[in-house]
Amino acid sequence: MDQALSSKKMIALYLAPGLLLLLALVYIPIFQTGYFGLMEWNGIGEMSFIGLENYTLLIQDAAFWDSAWHSLLLAVFSALSLIGYLLISLVLAGKIKGANFLRKIYLVPMLLASVAIAQLWMKIYHPTNGILNTLLISIGIENPPAWLAEPSLALFAIFIPIIWQYAGFYILIYYAALKNIPESLVESAKIDGASAWDIAWKIKVPLIMNVIKVTIVLAVVGSLKYFDLIYVMTNGGPNGASEVMASYMYGQAFSRFDFGYASAIGFFLLVICLLITWLIRKVTVSDEDIQY
Amino acid sequence: MRNEALTEKQTALARQKAAEQQKGKIRHTISMTLLYIVLAIVGVFQIFPLVWLVLFSLKNNQEVFELSPFALPATPRWENYIRVWTEGNIGQYFFNSVLYTGSAVVLTILFASMATFALTRMKWKKSSLFLGLFMVGLMIPVHSTLIPLFNTFSNLDLINHPLSIILTYTAFNLPITIMILYGFYQVLPREVEEAAVMDGASVHRIFFGITLPMTAPVIATAAIINMIYNWNEFVFINTFISADQFKTLTVGIQNFIGQYSTDWGAIGATLVISILPILIAFIFLSDRIVEGISAGSVKG
């Protein structure tokens with residue numbers, strides 16, 4: 001009876017377009033990146049095989065490790081901000097009027113193009129006419145800093161719009177997970193006299209632990225490969241002060257035309273991201289229902 | 001006497017209880033008010049930069065520098081919008097954004113639906129293995145594929161060609177789209193499709209005639225999510241396209257703003273034009289967008 005739906009030819013035909021595209025544009029390129037990483041190559045001319053030389057260079061490259069440190073700082077910062085999002089979601093998912101409206105408001109920045117966000121925040125941080133310094137001057141602070149031009153501040157100044165961009169996304173995920181908790185569990189705890197605080201931390205949070213772990217993966221891996229706002233707002237500057245791994249790799253390839261070295265960085269980035277995903281997943285694998 | 005004493009005691013107790021309840025109520029009201037204030041501050045923080053953007057897009061430089069940032073301009077300067085729309089290539093960028101976004105969404109939805117159909121409706125042993133193969137794509141950083149893609153497209157003469165962008169967007173959105181569709185296909189009853197098989201319908205007939213129409217709601221959700229990702233995409237378009245006539249709004253405004261580096265009104269107007277389509281879509285489709293982002297939350 002099911003002959004039509006078990007024909008090998010048909011199965012192949014239905015899988016082929018998607019699978020071939022994915023192979024050609026995602027999976028084969030990552031192996032090519034690994035291969036190019038073993039080459040000296042300016043992107044146009046001949047390649048020459050130099051073994052692991054790019055990787056020994058990478059290990060000794062202080063500028064790269066600075067960028068890796070900045071990526072790590074962003075990862076820690078993003079992971080810690082999850083606590084704030086969780087608190088907000090716990091409040092929102094309690095019986096709050098207007099919760100649906102609020103979580104949509106929170107989500108708006110996430111829908112905007114990174115370039116537009118970057119340009120907007122460059123205006124916010126503008127040393128003389130930006131809204132931030134206008135406010136600071138109006139409350140009596142003289143000589144507020146030129147945020148993005150200040151080496152000690154530039155990186156953290158960019159962290160703020162990154163948070164601004166993604167806050168609504170995480171709040172949305174937590175909110176959806178919290179709304180999935182059966183009402184009866186919360187009600188019976190209330191009857192037993194548990195406080196709202198206890199219900200939140202001893203019942204609700206443990207119940208959505210899987211979702212929390214997934215968001216940790218997202219925040220950490222997303223931070224390690226983060227690129228957009230940094231590239232547009234400071235391009236890693238001033239003097240490397242806000243460089244992250246992806247922007248460093250991009251600069252090596254498309255400004256310095258060192259495609260071999262940039263490929264090695266790209267491959268390193270891939271390995272790090274897969275490793276961390278696997279590591280955090282490994283902790284979650286004991287749990288039965290992995291939710292996304 | 002005894003009774004009276006008892007009732008007195010009872011009233012005292014009742015009064016005390018009422019007072020306590022009153023106190024609890026007040027405490028509850030205060031804490032709720034505080035919570036609302038916190039939630040409202042977060043909301044203002046999320047929205048205020050955009051309000052400020054709209055305000056300065058309607059001012060000239062003098063008004064930006066001299067008026068309070070919160071002040072409305074005396075007369076809104078709509079000419080900023082007219083100027084940036086007519087002077088630059090924003091119209092062209094806008095058209096390209098629509099073209100690339102639309103083409104990639106159609107291809108992604110079609111290919112992802114076909115693959116999900118094969119994975120959930122056809123009978124074969126290795127389907128979970130292949131599902132895994134599609135899902136691994138979610139974890140690949142874009143930057144780890146960028147140089148080989150640039151190299152391949154150079155060799156094929158597809159740099160500065162819409163096809164490089166449309167194909168890349170399609171490929172990179174397939175995993176997330178299959179994930180969103182897969183959840184829906186899993187819970188969708190199979191009776192109609194099974195009945196069609198009994199009637200001897202061909203696979204194509206079942207897929208195009210029955211499955212695709214039945215999955216229309218999830219297709220809408222997935223299409224909107226795809227649309228947002230493609231409309232806002234930056235790295236690929238910035239790398240593969242340098243010719244002005246093929247740029248999208250995201251990279252186009254980047255260069256365009258460079259020319260106007262000191263003209264705040266023009267920059268503001270450009271930015272508002274670039275984000276308006278997404279904001280309008282959000283106003284009308286916010287529930288679907290929320291649903292799509294929750295369903296496809298692995299992409300970060």
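Student: Where is the place of N143(A) in chain A?

Tutor: This is a predicted model, and in it N143(A) sits in the loop between α6 (131–138) and α7 of chain A.

Student: What is phi of N143(A) near?

Tutor: Start with the general rule. Most residues other than glycine have a negative phi. N143(A) is not a glycine, yet its phi is positive, near 50°.

Student: Which phi does N239(A) have?

Tutor: N239(A) has a positive phi of about 55°, and N239(A) is not a glycine either. Its place is the loop between α11 (228–233) and α12 (245–254) of chain A. N239(A) counts as exposed because 9 C-beta neighbours lie inside 10 Å.

Student: And in chain B, where is P189(B) found?

Tutor: P189(B) belongs to the loop between α7 (162–187) and α8 (191–198) of chain B. With 8 C-beta neighbours inside 10 Å, P189(B) is counted as exposed. P189(B) and M214(B) are 25 residues apart along the chain, and their C-alpha atoms are separated by 9.9 Å.

Student: How many helices and strands are there in chain A?

Tutor: Chain A comes to 13 helices and two strands.

Student: What share of the residues in chain A is buried?

Tutor: Buried residues make up 43% of the 292 residues in chain A. In chain B, 41% of the 300 residues count as buried.

Student: What part of the contacts in chain A with a separation of 6 or more comes from residues 24 or more positions apart?

Tutor: Such pairs give 69% of those contacts in chain A. The corresponding share in chain B is 78%.

Student: Which domains does the domain assignment of chain B give?

Tutor: The assignment gives domain 1 (2–57) and domain 2 (83–295). Their centres, taken over C-alpha atoms, are separated by 46 Å. The contact between them takes four residues from domain 1 and six residues from domain 2. On the domain 1 side, the residues divide into three nonpolar, one polar and no charged.

Student: And which domains does the assignment of chain A give?

Tutor: In chain A the assignment gives domain 1 (1–28) and domain 2 (37–117 + 145–284). Domain 2 is written as two segments. The centres of the two domains are 34 Å apart.

Student: How many residues of chain A are in contact with chain B?

Tutor: An interface is read from both sides. Here 72 residues of chain A are in contact with 68 residues of chain B. Helix α1 (residues 8–36) supplies the largest share of the chain A side, 16 residues. By type, the chain A side divides into 55 nonpolar, 13 polar and four charged residues.

Student: Which residues touch the most other members of the largest nonpolar core?

Tutor: They are Y174(A), I265(A) and A115(B), in a core of 167 residues. Helix α7 (residues 154–179) of chain A gives the most to this core, with 19 residues. Leaving out residues up to four places away in sequence, I265(A) touches L58(A), F64(A), M245(A), Y248(A), M249(A) and Q252(A).

Student: Which residues of chain A does UniProt list for "transmembrane region"?

Tutor: An annotation comes from a record, so it may be inferred rather than shown by experiment. The unreviewed UniProt entry lists several spans of chain A, including 72–93 and 153–177. Residues 72–93 are 100% helix, with end C-alpha atoms 31 Å apart. Residues 153–177 are 96% helix and 0% strand, and their end C-alpha atoms lie 36 Å apart.

Definitions and conventions:
Residues numbered from 1 in each chain as written. Chains lettered and ligands numbered in written order. Predicted model: local features only at pLDDT ≥ 70, side-chain atom pairs only at ≥ 80, totals over all residues. Core = buried A, V, L, I, M, F, W, Y, C linked by C-beta atoms within 7 Å. Buried ≥ 20, exposed ≤ 12 C-beta atoms within 10 Å, placed from the backbone. Helix = DSSP H or I, 4+ residues; strand = E, 2+ residues; numbered from the N terminus. Contact = placed C-beta atoms within 7 Å. Domains from an automatic or database assignment. Nonpolar A, V, L, I, M, F, W, Y, C, P; charged D, E, K, R; others polar.
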